[in-house]
Amino acid sequence: MRTGGLSDVPSKRPAPQPSEARAHRPDPGEPGRRQSVPPRSDPEQPWRAEGVPDRRPERKARGGFGGGWRPRRNTSLFWLLLLVVFGLSYVSMHVTGKQEKVTIPYTAFTQQVSAGNVKDVYTKGYQIQGKLKNAQQVPGQDNAKKTYTAFETLRPAFADDKIFTEMVRKGVQVEAKPVSEDRGFLANLLLSLLPTLLFVGLWIGVMVWLQRRMAGGGGGGGIMGGFGRSPKPVAPDDKRATFADVAGIDEVEAELSEIVDFLKDPGKYRRMGARVPRGVLLTGSPGTGKTLLARAVAGEADVPFYSAAASEFIEMVVGVGAARVRELFTEARKTAPSIIFIDEIDTIGRTRGSGASMGGHDEREQTLNQILTEMDGFSGSEGVVVIAATNRPDILDAALLRPGRFDRQVAVSPPDLDGRVEILRVHTREVPLSAGADLTAVAKMTPGMTGAELANLVNEAALLAVKREKGAVDMADFHTALEKVQLGTRRSLVMPYEERRRTSYHESGHGLLGMLQPGADPVRKITIVPHGRALGVTVSTPEGDRYAYDERYLRGRIIGALGGMAAEELVFGVITTGSESDLEQVTKIARGMVGRWGMSQKVGPLSILPADGMDPMGQYAAQGTLDAVDLEARRIVDECYAEALQTLRANRDKLDSLAATLLAEETLDEEAAYAAAGVDRTVPTTG
Ligand SMILES: Nc1ncnc2c1ncn2[C@@H]1O[C@H](COP(=O)(O)OP(=O)(O)OP(=O)(O)O)[C@@H](O)[C@H]1O
Ligand SMILES: [Zn+2]
């Protein structure tokens, strides 16, 4: 039962941009402590950070192998091998014997010896095989036409050796040797290997099947279809993009244009003896367009684009990932100049020996080593450029960043106002807009949103327009879409009166503190209509774009986030579980202030915590330092909570009136909220 506390509305901003939800937005782009495998939390889509517009269908369309990889060569190799084995053994059994041997009675054999019609004989134990000089009718067959020369028979135990003397006399060539040897050495070898081969084949099949199940990879191909899941990049990813599709990040495009130039004509660089970049690392929060950029580089240079998500390399079976890396590079070299794009490189490229990773450590390391080896193997002028993307550059293994590897890093940040206008333009190219639709106004309402979020917003607005059967998207559609994107989908949940009252106070606590903090982001909307997992939501967004935050602002955010809990304590005397995500956010900001941004006297300006705010893996900090971080964070939060309580107590009349209006109206927009609280909206909002 969360009272007002929870919202799983994505905000996804990296911590130093705490722009949007004053209070209690969990920030899934930067996971809280509950998540052990950062930064992913959607079980169905484990490789996406939450809150990125759902691109599942697109991923699926790329096939179970992801990244446009499908098995091909290895599968056929396997089948070919199997065919050869069967073929040879067939041949050896049936053809090298030239004629079918006919089994005859021993007496028939002795008769042929006596008749002097036996040419040669091979014996082993009781078995006798041989050939006749003249073909005889097959005994016991009425078919008179059927004759034989090659025969086979068994020597009865009581037969005497006189027959041998007779054969010698009649000049029959008699040899004693292993009967089966007439199949030939190779055939014998293959025959004896056959069971083993079959077993191994079966075993591989089962392993492949298991892996696919583990990886959840669907896709066609049957059990053996994905033999070894060895990927072969098909005709490289055919989804094309150009720089025209990438908006608002011109600086990044400029940085990458050298790569484009190189790919267009590697020879030019080779002739000048210039060392060309082998690897480019794109860093930036989810949805900022890293994949799109890589694709656009390929599109601009008009070269093949091979893409793979690093997580696809990590398998149950050690060695498979490395093998796949090898194939990917081999293929890319063949079609050079080309681009290899490895998404989510941090899944395999995280510092060796740290943290829990997916799959076995060995596998991860082997895969990583293979990538490094392949990159070292580039002669440089081959014209294969590897582009990798991550939103966690801080945890990458230093080996990846060494010269000759991903030595060029390009940061892709969320767009600013102009960038957002451009991105909205790109995504509304095919969307009919009504005369009143003002993209600049939309961009102003969406500070901090990434390209992916804006694309999603446009799509939501278009869907709304379709639903309302209008010919064009207007401003109202954008407003409604934004609300949906910011608040999550409305949930129709009938709440008991007491719960709603508590939620009203909880949200009003957030809201009022947001209104009263000097310099805090203005409150845009308060609602006690359940949305997503949250029972209520308070939305605050900054007036314009913000890039850096001072200590006062961050404290304001903590105070605002604690407002829900403080209001509950003040009014009801008890607190509820509804503040869970508020507290997560509070903890993260407070720890960041102390361990990352040097805002604690006691700890000093040291960078102690990694960007996700979790404990470093014993790398830089002594345990005493970590304890100090916790103590200092605790002190900050305590101070903020006291201030929240005190402010609410001092403004109890405003709190009551805001909560009462909220309870009656359920949703208040910016103007109504400030009016209900009796707070002047013109309170200076400095950045
Ligand atoms: N700068 C941009 N210009 C235009 N569209 C963009 C931009 N950034 C993102 N988008 C849109 O968002 C979608 C998702 O972006 P993309 O997959 O490239 O993000 P990403 O940074 O690779 O995210 P992730 O880290 O989740 O893989 C793109 O297909 C595109 O539609
Ligand atoms: Zn809350």
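**The annotated binding site and the confidence of the model**

Let me begin with confidence: the mean pLDDT of the protein is 76, and 75% of its residues reach 70 or more, pLDDT being the predictor's confidence in each residue, from 0 to 100. What we have is a predicted model, in which local features need pLDDT of at least 70 and side-chain atom pairs count only at pLDDT 80 or more, while totals for chains, interfaces and linings use all residues. Residues are numbered from 1 along each chain as its sequence is written, and chains are lettered from A and ligands numbered from 1 in the order in which they are written. For the complex, the predictor gives an ipTM of 0.94 and a pTM of 0.59.

Now to the site. An unreviewed UniProt entry places the feature "binding site" at Gly284, Ser285, Pro286, Gly287, Thr288, Gly289, Lys290 and Thr291; UniProt positions are given here in our numbering, feature names are shortened, and annotations may be inferred rather than shown by experiment.

Pro286 sits in the loop between strand S8 (279-283) and helix H9 (290-301), where helices (H or I, at least four residues) and strands (E, at least two) are DSSP runs, numbered from the N terminus. Pro286 counts as buried because it has 24 C-beta neighbours inside 10 Å; buried requires 20 or more other C-beta atoms within 10 Å of a residue's own, exposed 12 or fewer, and partly exposed lies in between, with C-beta atoms placed from the backbone.

Thr288 lies in the loop between S8 and H9, and is likewise buried, with 25 other C-beta atoms within 10 Å. Leaving aside residues up to four places away in sequence, Thr288 touches Val412, Ser413, Pro414, Thr450 and Gly451, contact meaning that two C-beta atoms, placed from the backbone, lie within 7 Å.

Finally, a caution: over residues 216-234 pLDDT stays under 50, although the model has 64 contacts for them beyond four places in sequence. Where pLDDT is low, the predicted coordinates should not be read in detail.
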